[in-house]
Amino acid sequence: MLSENAVRFYRNGYNCSKCIIKAAETEYGIKVGDTTLKMLGAVNNGFGIGAMCSVPIACVAVLGALYKDEAMLKRKRLDFLVRFRKEFGSYNCSEILPRISTCENVIAAGCDILSEIVKK
C-alpha cells in the first residue's frame with residue numbers, strides 16, 4: 001500500500017516528498033532517479049520556510065508521471081488538491097503542523113487520497 005510504504009521510507013530518513021516518490025516508484029512503477037530525489041530535497045519543510053507542504057507537491061508530481069493527457073491530469077490534480085485542502089485546511093506546512101501530531105499523518109493521508117484518485 002502506498003501510504004504504508006511512504007511512511008516506512010519517511011521513518012528511514014527520506015523527507016516528506018522523497019518518501020512519497022519512492023513509494024510511488026514501487027507502487028506505480030515510476031522511474032525515479034537520483035536527480036529527482038535531489039530536486040525534491042529543495043521543497044522539504046515548506047521550501048524551508050513553512051510555505052507549501054511537500055506532500056501535495058510530491059502527490060501532484062506522481063500524477064504528472066502517471067497521466068500524459070492534460071485534461072485528465074488537470075481533473076486528477078484538482079481533485080487531489082481539493083481533497084487535501086478539505087482534510088488539512090491549508091497547503092502550508094506552517095498552518096498544518098500545529099494541528100497534527102506528526103508529519104506521518106499528512107504523508108499517509110496524502111497518499112491515501114492519491115491512491116483513491118489513481119484508482120478512479
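**Close-up 1. How α1 crosses α2.** Helix α1 passes α2 in a right-handed crossing; a crossing is called right-handed if the near helix is turned clockwise from the far one by less than a right angle, and left-handed if anticlockwise. This is a predicted model, where local features need pLDDT of at least 70 and side-chain atom pairs count only at pLDDT 80 or more, while totals for chains, interfaces and linings use all residues. Residues are numbered from 1 along each chain as its sequence is written, and side-chain values use heavy atoms, with hydrogens and water left out. Helices here are DSSP runs of H or I with at least four residues, numbered from the N terminus. The two helices pack at an angle of about 135 degrees, with their axes 8 Å apart. That makes α1 oblique to α2. Axes are lines fitted to C-alpha atoms over the stretch in contact, and angles run from 0 to 180 degrees between N-to-C directions. Under 35 degrees counts as roughly parallel, over 145 as roughly antiparallel, 65 to 115 as roughly perpendicular, and the rest as oblique.

**Close-up 2. Who touches whom between α1 and α2.** Contact just means heavy atoms within 4.5 Å. Sorted by class, the residues of the contact of α1 with α2 come out as ten nonpolar, two polar and two charged. For the sorting, Ala, Val, Leu, Ile, Met, Phe, Trp, Tyr, Cys and Pro count as nonpolar, Asp, Glu, Lys and Arg as charged, and the others, Gly among them, as polar.

**Close-up 3. Asn5, tucked into α1.** Asn5 sits in helix α1 (residues 2–11). Asn5 is buried, with a relative accessible area of 16%; buried means under 20%, exposed over 50%, and partly exposed in between, using a 1.4 Å probe and protein chains only. The Asn5 side chain makes a polar contact with the side chain of Arg8 at 3.2 Å. A polar contact is a pair of N or O atoms within 3.5 Å; within protein, one must be able to donate a hydrogen and the other to accept it, and residues adjacent in sequence count only if both atoms are side-chain atoms. Not counting residues up to four places away in sequence, Asn5 touches Ala23, Thr26 and Glu27.

**Close-up 4. Lys22, a buried lysine in α2.** Lys22 belongs to helix α2 and is buried, with a relative accessible area of 16%. Its side chain makes a polar contact with the side chain of Glu25 at 2.9 Å. Leaving aside neighbours within four places in sequence, Lys22 is in contact with Phe9, Tyr14 and Leu37.

**Close-up 5. α1 against α8.** The axes of α1 and helix α8 (residues 103–119) come within 8 Å and cross at roughly 150 degrees. That makes α1 roughly antiparallel to α8. The crossing of these two helices is right-handed. The residues of the contact of α1 with α8 split into nine nonpolar, two polar and three charged.

**Close-up 6. α2 beside α5.** The axes of α2 and helix α5 (residues 54–66) come within 8 Å and cross at roughly 30 degrees. The pair is therefore roughly parallel. By class, the contact of α2 with α5 has eleven nonpolar, two polar and no charged residues.
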